[in-house]
Amino acid sequence: MAFEPPRRLVRALGEAAPDGDGWLAKLPEVAERAVARRELAVERVQVPGGRSSLVVLVRTADGTPAVLKLAPRRARPESERAALAHWGGLGAVQLREGGGARERDEGVLLLERLRPDVSVRSLPEAKALLEAAGTLRRLWVEPPGSHRFETVAERTGRQAAAMRAGAVADDEVAPLVDAALAAREELLAAPPEQRLLHGTFRQSKVLAGDRMPWLAVGPDPVVGEGAFDLARLVRDRVEDLVAQPSGASTTRRRVKRLAESLEVDQERLRGWALFRAVESGVRARRVGRERDAELLLEFASWL
């Protein structure tokens, strides 16, 4: 079978690393080897798929449906593997293989099959937020004692440096960047907890399953406070929020409702939502996704 990467993946990887690292060129060979080593039967490549990995629907030797996921090193697939192993299926998709040689295939994960075309985002908005928040609560656990996960301070430190550079080149976003960076400094001064977080949680990352109604997929795990994780959920369906005359007030109500439902400090959630929206907006503008940048920065101005 030809393991052709979906256009969405090719475009996203091009934005992340314009010069490339050769991963896409090697992908067909890596996929063929991973399939053969695990004696898998390939059904199809998932389309449109994700922005950081190739997802292939497969069946194991005994006919069990599964998913083969292949990701480049910059997507931190080994960190994802470690987080999924630590969660052990509680709130998240399960790994379908344990230790040994197969696990040492860098960037290759064999996972339980969920329903890839049915995400929480398919529900009405209020119900979607409720189910997503409930899934997220199950993921916030103590990290392993000797973990090597990136921390919120480390990840946002790299992002802050890129934001400062973007602000210098764009006077229009400078006030929002200044506010976001100030919020980050204040939030990092006294974090209330250190939990293992999903890292990139949103409605589309929660899929329907058989073992549990809803399970999270595609983590980019990080260790820090829950408000950081929840902040990405605040801006879900941002295009709909911006299109509403009451978008600003709806956003503020959403912050309050989500903070209360997961028992996080409302001001800390607001601060991280501001930082993450501005960071995403500046990054979108940097790679030429101007429409996305406009939506994100307008949303940030409401916080």
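1. A contact here means heavy atoms within 4.5 Å. Counting contacts between residues at least 6 apart in sequence, 71% join residues at least 24 apart.

2. A quick word on what you are looking at: this is a predicted model, where local features need pLDDT of at least 70, side-chain atom pairs count only at pLDDT 80 or more, and totals for chains, interfaces and linings use all residues. Residues are numbered from 1 along each chain as its sequence is written, and side-chain values use heavy atoms, leaving out hydrogens and water.

3. The protein has 11 helices and 9 strands (DSSP runs numbered from the N terminus: H or I of at least four residues for helices, E of at least two for strands).

4. On overall dimensions, the C-alpha trace spans about 55 × 40 × 40 Å along its principal axes. The radius of gyration is 19 Å, which agrees with the value near 19 Å for a compact globule of 303 residues (taken over C-alpha atoms; the rule is 2.2 Å times the number of residues to the power 0.38).

5. Of the 303 residues, 52% count as buried, that is, under 20% relative accessible area with a 1.4 Å probe, protein chains only.

6. Do have a look at Arg237, in the loop between helix 7 (226-234) and helix 8 (238-243). Arg237 is buried yet has no salt bridge (a side-chain nitrogen of Lys or Arg within 4 Å of a carboxyl oxygen of Asp or Glu). The nearest side chain of opposite charge, Asp240, is 5.1 Å away. Leaving aside residues up to four places away in sequence, Arg237 touches Val120, Arg121, Leu123, Pro124, Glu125, Ala128 and Gln203.

Conventions:
Buried < 20%, exposed > 50% of the residue type's maximum accessible area, 1.4 Å probe, protein only. Lys, Arg positive; Asp, Glu negative; His and termini not counted.
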